[in-house]
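Subject: Structure handover

Hello,

Here is the structure you asked about. Please look it over; my notes follow below.

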Number of protein chains: 2
Amino acid sequence: MTTQELLIKAKEAKAEINLVSVDIINSALNAMADALVENIDKILEANSQDIEKSRGVISDVMIDRLSLSPERIQGMADGVRDVAKLPSPVGKVLKSNEPQEGLIIERTSVPLGVVAIIYESRPNVTSDAAALALKSGNVCVLRCGKEAHSSAKAIVEALQSGLEKEGLSKDFVLLVEDTTRASAAELMTADGYIDLLIPRGGKGLINACVKNATVPVIQTGTGICHIYVDESADIEMALNIVENAKTSRPSVCNAEEVLVVNKNIADEFLPKLKKRIVTDRMENPVELRLDERAIKIIDGTPAGENDFDTEFLDYILAVKIVDNVDEAIKHINLHSTGHSEAIVTSDNESAEKFTRGIDSSSVYVNASTRFTDGGEFGLGCEMGISTQKLHARGPMGLEELNTYKYIIRGKGHVR
Amino acid sequence: MTTQELLIKAKEAKAEINLVSVDIINSALNAMADALVENIDKILEANSQDIEKSRGVISDVMIDRLSLSPERIQGMADGVRDVAKLPSPVGKVLKSNEPQEGLIIERTSVPLGVVAIIYESRPNVTSDAAALALKSGNVCVLRCGKEAHSSAKAIVEALQSGLEKEGLSKDFVLLVEDTTRASAAELMTADGYIDLLIPRGGKGLINACVKNATVPVIQTGTGICHIYVDESADIEMALNIVENAKTSRPSVCNAEEVLVVNKNIADEFLPKLKKRIVTDRMENPVELRLDERAIKIIDGTPAGENDFDTEFLDYILAVKIVDNVDEAIKHINLHSTGHSEAIVTSDNESAEKFTRGIDSSSVYVNASTRFTDGGEFGLGCEMGISTQKLHARGPMGLEELNTYKYIIRGKGHVR
């Protein structure tokens, strides 16, 4: 099937899915979870083909992300079942209005339509994304990286068999067969076919989408997250928060990449920080990349030109000293990706300035940036973390995969 | 001032406007309204220069749109005062969550930042758009067509004097000086400077924005609106609704352009419709453009290739006959611009199919499409009517000019 043929199928399926009830959707999700478990052997076989082909081609970390096990597939099935249990976001009356007697205007949540996801090598994204799209009433078009394609194909076939078991069209979840760049480009410009495109992957993919897409796109995931330690910060609290944000899971997008320190606390704070996250750490001590003021206080690598604009995703932390909270805000707004930033302070005025002034999806006072997550934010799930401002910002759950329309019922009303 | 210099000023002003209270914004709006009235003579003089230059160059209808009078300027000032009276959309806690004791997560409405509007020749858009942007906490960048530039300049100078009177920066409302295509292109690609671009104008402008813009855009205003007269329709109601939607104000985007009629009611309905909107109308009888089935029932112009894809904005109506509601939905979703569509029916099942199946911002049952309007929908005002699905759909008011961010307050919480 060509990508164009697949897009036509998706568009036809969109008209069909609109008529399916919430209960049937939930049954289908459970059937899809069952089918994943029933097809564990097939999926593992496909996965080992992918791994075979990728050995020596991609890094060990990537191989690990790509690898499935019976437990991981079981986990994917459990994830789909969890999505079935969440409340449906569709058909809620968000606002209503009666400008004339008997003329009722209701703003009602409805699915976006066809949601396409371009992702890389994690096979679990296949079932996660399909479940979230379907639960929110959308047809799902998946396009994964070539190294994970056999796994994704086996997973999608299992999911489709679940759909068919409940009498639904297997076209509600579609996998693009072509894994060359051509298919990504086709999705980006599939006006009239795709209602939302979500790129999940590295900066290159996301930038390509922003630049080339003519369909609506939500940028996700790139996080150059900052923590600003204010003059008035509780030093122990600041150490805990920085250590947690930097070292608890450095490979994720809500991990800290840049530390900004007020000059009046730097002499006391930086040596303690160095002890905490460099000297005292047996495994994975953090490499500090210090600006010209910080390097006068502690030892470390002098920060290079790009260190304040890099998502390290590693045990590396860039450190900058500023004169005050205003300079911190200015620096952060210039260099951040709009994901998550935190201030550690005991001064309400600084906190207020920071929360108002920082132009990011999630702004923290005295807490770690690591909390930016659909589960923690009470969404129950997550399709990605939007770093843009229109439509959805921060963690995207089921509601964010809906739009609304106005449904107006009258009795022959004219204006 | 070059466009680039202006964008830098706008970005700086964005940091400033975040710190201004709602009361000051409202006082400034009233001062801006006063300044419009105080500067009536200056504005009229600039306007007469614009008209002088445009005579013979643009149509009389366009000249009329461009022309100001003391009453029209007074009306603009009243509009600005009305906006001051509306509740502020900024700083509302939309959702909150406490995943751990003392860790409070609040989804809070915040301004988008810098909102740019590209529009054509109506001078009143200048003050309307500036007032709505400012009220919703945004810096406003205006770029009008060259035929209205002198008027817009005089209006913006008056608005800026109002801002300064309240001690605010005049950079909260900025007018792009360059009226060539280059400046429009610059705005479309001003990544990092413009948070939302709203094109208000013809199809050409909107398509250019969609195709070329790398900044976030909301498409507005193009309306190829359909009315479907179902087999079960009350014929008198259908006649009233079609007449109202087509003839009450054909130049606006919520006017009907295409009539879709069920074949089982067409023999009775179409002759009555012809009498009502063609034969009996003394002024401006409607020209019917009939498909091959309709032309067998009544006289009219045979519909040409493009008649079902044209926003006539005139006393012209394309007419198509379909077999059933499903065919109507299919035709409409293929040819509509996603603005407003209506069904006239007395059958609940058809109504339900139609409201679920039609993929437009506003879907009517037994009412005229002419109600799609910010005022009628209870928004109190309107920045345009979005025909896209992300962020805002249908009439956009103050809330739609905001985004949200998560503000998270903890006591040293780590994950």
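In this predicted model, strand S12 (residues 340–344) of chain A runs parallel to S13(A), joined by four bridges. Strands are DSSP runs of E with at least two residues, helices are runs of H or I with at least four, and both are numbered from the N terminus. Two strands pair if DSSP finds at least two bridges between them. Glu341(A) has Val363(A) in S13(A) as its bridge partner.

On conventions: the model is predicted, local features need pLDDT of at least 70, side-chain atom pairs count only at pLDDT 80 or more, and totals for chains, interfaces and linings use all residues. Residues are numbered from 1 along each chain as its sequence is written, chains are lettered from A and ligands numbered from 1 in the order in which they are written, and side-chain values use heavy atoms, with hydrogens and water left out.

Now the interface. Chain A gives 67 residues to the contact and chain B gives 67 residues; contact means heavy atoms within 4.5 Å. The two chains bury about 5700 Å² between them, 51% of it on carbon and sulfur atoms. Buried area is the accessible area (1.4 Å probe) that two parts lose on being put together, summed over both. Leu390(A), Tyr406(A) and Arg415(A) supply 14% of what chain A buries against chain B, more than any other three residues.

Twelve salt bridges are counted between chain A and chain B. The term means a side-chain nitrogen of Lys or Arg within 4 Å of a carboxyl oxygen of Asp or Glu. One joins Asp195(A) to Lys389(B), at 2.9 Å from N to O. On the side of chain A that touches chain B, S16(A) gives the largest share, eleven residues.

How are the copies related? Chain A can be laid on chain B by a turn of 180° and a shift of 0.0 Å along the axis, with an RMSD of 0.0 Å. The copies are thus related as by a two-fold rotation axis. Superposition is by least squares on the C-alpha atoms of residues with pLDDT of at least 70 in both. Of the residues of chain A, His391(A) comes closest to the axis, at 1.8 Å (C-alpha). The copies meet through the same surface, because 100% of the interface residues of chain A are also interface residues in chain B.

Last, the whole structure holds 54 salt bridges over all chains. Among them is Arg81(A) with Asp34(A), the closest N and O atoms being 2.7 Å apart. Arg81(A) lies in helix H5 (residues 70–85) of chain A and Asp34(A) in helix H2 (residues 22–38) of chain A, so the pair ties together parts 47 residues apart in sequence.

Best wishes
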